[in-house]
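Look over the sequence and the model first.

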Amino acid sequence: MSTKVMREHKAAATTAGILYITGTVAGVLSLVLSAPVRDAGDPFAAAAEHSGVAVTIALLVLVMGLSLAFVPVVLFPVLRRVDEVLAIGYLIMRGALEAACYVILAIGWLLLVPMGEAISAGPGTASPAGVRLGSLIVDADAVNAVLTLVFCLGAVMFYVLLYRSRIVPRWIAVWGLVAIPLYVVADLLAMYAVIGANSSPQVLMFMPLAVQEMVLAVWMIARGFRPAAAATTSERESGTLADV
C-alpha cells in the first residue's frame, strides 16, 4: 500500500471513530434530557413547560443522526475495495435511511413545544386524546421500529465487511455480529411490552453492542486500519483482474 493510501485510510478511520463517539455521546445526552418529558403524565404540558429542553433534545438527536450517517460516507472509499455491493448497502442503510429516521424523531421533538402550547394549558389540562398524541410523538414506536431494522441490517453489512477485510481485528467484527441479535431481541421485547422501553433490562441488552461500537471507535482512532489487510485486499483484486 502506498504512503498516500495509508494516510487516507488513517484519516478515514480517525474521522469515523470521532463520529461514532460524537453520535453516541449526543444520543446518551438526549436520553438523559428526555427522561422527564417521557415520564410525564402529559408530554405536551411537560414540553411546553420545558421548551428549551425539548429543542435541545431535537438538536442532540440531529447531531447523533448526522454523525452516525457520515460514518459510512467516510468509510465508503475503504469498504468498497472489499465488496462494493455491501458497501453501497451499508451506505444506504446507515447513511440515508437511518439518518431519515433520526430527522423524523427530531421533528417530533420540535413539534411538541408548539403543539403543547396549543393543546395543554398546564399539567393535567390536556384531554385524554391529547395525552395519547403526546405519548405517540415522544415514544415514536413506528419510527423506532424502522430505525432498529435499518440500524441492524446496516450493522450486519458493516461487520461482515470488517470481518472479510481484516482491516480491524476480527474479534471486534465477531463481537458486533454476536451482539446484534441481542439488540433486536431487546427492541422486540419492548415493542410487545414485555419490558419497558429504555428500561434497565433493555439497556443491559443494548450494552454489548454499545460497548463494542466504542471499542471499535477507539481502535480506529488509536490504530487506524491494518495496512497488511488493505494490501491483502488489493492483491486479491489484482489477482481477480489477472484471472480475467
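**Charge pairs and cysteines**

Asp83 is buried, at a relative accessible area of 19% (buried means under 20% relative accessible area, exposed over 50%, partly exposed in between; 1.4 Å probe, protein chains only). This is a predicted model, where local features need pLDDT of at least 70, side-chain atom pairs count only at pLDDT 80 or more, and totals for chains, interfaces and linings use all residues. Residues are numbered from 1 along each chain as its sequence is written, and side-chain values use heavy atoms, leaving out hydrogens and water.

**Salt bridges**

- The whole structure holds three salt bridges (a side-chain nitrogen of Lys or Arg within 4 Å of a carboxyl oxygen of Asp or Glu).
- Asp83 pairs with Arg164 at 2.9 Å, N to O. This pair links distant parts of the chain, 81 residues apart: Asp83 sits in the loop between α3 (51-79) and α4 (84-119), Arg164 in helix α6 (residues 141-165). Helices here are DSSP runs (H or I, at least four residues), numbered from the N terminus.
- Arg164 is partly exposed, at 38% relative accessibility.
- Arg80 and Glu84 form a salt bridge at 3.1 Å, N to O. Arg80 is partly exposed at 39%, and Glu84 is partly exposed at 39%.
- Glu98 bridges to Arg94, with the closest N and O atoms 2.3 Å apart. Both residues, Glu98 and Arg94, are buried. They are four residues apart in helix α4, so about one helical turn separates Glu98 and Arg94.

**Cysteines**

- The structure has zero disulfides (a pair of cysteine sulfur atoms within 2.5 Å).
- Cys101 is buried, at 7% relative accessibility.
- Cys152 is buried, at 7% relative accessibility.

Terms used
Helix = DSSP H or I, 4+ residues; strand = E, 2+ residues; numbered from the N terminus.
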